[in-house]
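This briefing is written for a reader who has the sequence and the coordinates at hand. Please consult both while reading the points below.

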Amino acid sequence: MQGDQSGKSDGYEALDVATLGARLGGVDDVARRVGGDPAQWDVREVGDGNLNLVFIVTGETGSVVVKQALPYVRMVGESWPLPLYRAHFEYYALVRQAKRAPGVAPEVYHFDKAQALIVMEYLQPHVILRRKLIKGERVEGLGKVLGEFCARTAFRGSELSLSSPEKKADVGLFSGNVAIPAITESLVFTDPYFEAEMNHHTPELAEAVAALRTNALLKAKAQRMLLKFTANAETMIHGDLHSGSIMATESSVRVIDPEFSQYGPMAFDLGMAVANFLMAYFSQPAHRAADALETYQAWILEVIGECLNRFDDEFRHLWHTERSGILYPRALFEDQNQESETACETLLLELRDDALAFCGIEMHRRVLSLAHNADFEEIGDTALRATLETRNLKMGEELVINPGAYRKPHALLALARAYNR
């Protein structure tokens with residue numbers, strides 16, 4: 001149906017615990033999975049994010065998660081309208097992630113475009129990774145899964161693998177997602193570096209923030225990365241791969257919430273993920289007893305190293321086994337009895353530089369812009385919080401300005417240890 005300028009269709013209705021069962025009871029696949037009388041389903045609203053409604057629906061035979069977009073930014077209110085079409089692009093992203101990195105994204109059972117509603121797999125007993133990191137819990141294979149996920153989605157969503165017509169059609173599809181990338185473009189790349197209206201930061205951080213904002217080279221580098229973000233439709237990215245968009249058990253890792261998905265730089269997701277692990281690392285002195293602090297921080301650094309190494313290893317594997325697109329074609333290399341490893345390694349170095357620069361910018365925005373993360377925000381002692389956030393800001397500044405110095409994981413981890421001291 002014809003929608004208004006906010007993207008809200010005439011038939012749209014924000015659902016709640018009283019109306020959701022009746023809406024989904026008529027969807028055969030959902031009703032079969034949940035089981036029993038829809039009037040008796042247990043419907044719980046569990047959303048604690050910034051944008052959407054999220055429900056868990058449980059019946060006689062199973063449970064599903066239901067996510068519905070609201071026509072505004074939930075954490076701000078109706079004063080910040082946001083188009084409902086973002087749910088369409090999240091659905092498209094989930095379908096593509098399931099193909100490009102099987103077994104990591106939740107399975108989609110039903111999509112209702114008019115209602116901006118997605119019904120998907122209920123991940124249980126998974127919990128949000130950020131909560132596990134704050135509690136000091138470990139996840140087996142965390143770096144491996146995320147490194148491979150970033151490599152597979154980056155490679156298989158690009159013209160290293162896709163045919164040119166398929167890639168261009170997909171870029172055209174996602175180009176309609178305008179409002180969500182605009183949030184990233186301002187909140188991540190620009191707002192941290194001046195007194196934007198919705199910014200806020202720990203009061204004791206004022207001196208460090210003022211110093212950061214006087215660094216013209218830093219701001220120029222951040223804007224250069226914004227240019228790469230807006231201009232380089234290299235692959236389909238998750239767009240918001242932080243520790244709140246990852247769910248885990250002791251041995252299982254899943255990636256959720258790709259509503260910020262678009263076509264962008266191949267290294268963006270990797271940089272975002274590493275940034276959130278570094279912020280978890282720097283925040284640990286406020287969350288851990290002294291006798292557990294060193295070993296848990298060392299584990300977080302191991303996760304970062306594994307994530308970076310697995311990205312490279314998987315990317316190399318795909319380079320040799322799935323390089324079928326127009327980029328770096330075998331006709332230029334293998335078919336002429338020439339090696340292509342040098343080209344692959346050169347590209348990986350460029351991607352690592354981009355990832356680390358994106359990483360540093362994300363480390364800044366989560367402390368200075370609108371949407372902070374709980375790793376720092378839940379530290380009640382603001383003087384201690386400011387001390388730990390300052391370490392984070394300083395390392396982020398170094399990574400934005402000089403990413404090439406830390407291409408090797410051991411150099412990056414040594415830098416983190418230095419700032420942690």
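The points that follow treat the sheets, the helix packing and selected residues of a predicted model.

The model contains an open sheet of 5 strands and an open sheet of 3 strands. Helix α11, residues 290–321, packs with helix α15, residues 409–420, and α11 also packs with α5.

**The sheet of 5 strands**

- The strand order is β1-β2-β3-β7-β6, and the pairing is antiparallel.
- At the edges stand β1 (42–45) and β6 (108–112), each of which pairs on one side only.
- Direction ignored, neighbouring strands of this sheet are turned against each other by 20 degrees on average.
- Strand β2 (residues 52–58) is joined to β1 by 4 bridges in the antiparallel sense; within this pairing, Asp42 has Thr58 of β2 as its bridge partner.
- Strand β3 (residues 63–69) runs antiparallel to β7, with 5 bridges between them, and Lys67 is bridged to Ile118 in β7.
- On the β6 side, β7 is paired through 4 bridges, again in the antiparallel sense; here His110 has Val119 of β7 as its bridge partner.
- The strands β6 and β7 form a hairpin with 4 residues between them, and Ala116 in the turn has a positive phi of about 50 degrees.
- Strand β7 (residues 117–121) is largely enclosed by the rest of the structure, because 4 of its 5 residues are buried.

**Packing of α5 with α11**

- The two helices pack at an angle of about 35 degrees, and their axes are 7 Å apart.
- The crossing of α5 with α11 is right-handed.
- From α5, the residues in the contact include Leu142, Leu146, Cys150, Ala151 and Phe155, together with the charged residues Lys144, Glu148, Arg152 and Arg156.
- From α11, the contact residues include Trp299, Val303, Cys307, Phe311, Phe315, Leu318 and Trp319, along with Glu306, Arg310 and Glu314.
- Divided by class, this contact has 12 nonpolar, 2 polar and 7 charged residues.

**Packing of α11 with α15**

- An angle of about 155 degrees separates the directions of α11 and α15, whose axes are 10 Å apart.
- The two helices are therefore roughly antiparallel to each other, as angles over 145 degrees are classed in this way.
- The crossing of α11 and α15 is right-handed.
- Helix α11 contributes Gln297, Leu301, Ile304, Gly305, Leu308 and Asn309 to the contact, while α15 contributes Pro409, Leu412, Leu413, Ala416, Arg417 and Asn420.
- The residues of this contact comprise 7 nonpolar, 4 polar and 1 charged.

**Buried positions**

- Trp299 lies in helix α11; this residue counts as buried because its relative accessible area is 8%, against a cut-off of under 20%.
- Residues up to four places away in sequence not being counted, Trp299 touches Leu133, Glu137, Arg138, Val139 and Leu142.
- Trp299 and Tyr281 are 18 residues apart along the chain, and their C-alpha atoms are separated by 9.2 Å.
- Asp353 belongs to helix α12 (residues 341–368) and, at 16% relative accessibility, is likewise buried.
- Apart from its neighbours within four places in sequence, Asp353 is in contact with Pro403, Gly404 and Arg407.
- Helix α7 (residues 179–188) is mostly covered, with 7 of its 10 residues buried.
- The buried residues of α7 are Ala179, Ile180, Pro181, Ile183, Thr184, Leu187 and Val188.

Key
Residues are numbered from 1 along each chain as its sequence is written. This is a predicted model: local features need pLDDT of at least 70, side-chain atom pairs count only at pLDDT 80 or more; totals for chains, interfaces and linings use all residues. Side-chain values use heavy atoms; hydrogens and water are left out. Axes are lines fitted to C-alpha atoms, for helices over the stretch in contact, and angles run from 0 to 180 degrees between N-to-C directions. Angles under 35 degrees count as roughly parallel, over 145 as roughly antiparallel, 65 to 115 as roughly perpendicular and the rest as oblique. A crossing is left-handed if the near helix is turned anticlockwise from the far one by less than a right angle, and right-handed if clockwise. Contact means heavy atoms within 4.5 Å. Two strands pair if DSSP finds at least two bridges between them. Buried means under 20% relative accessible area, exposed over 50%, partly exposed in between (1.4 Å probe, protein chains only).
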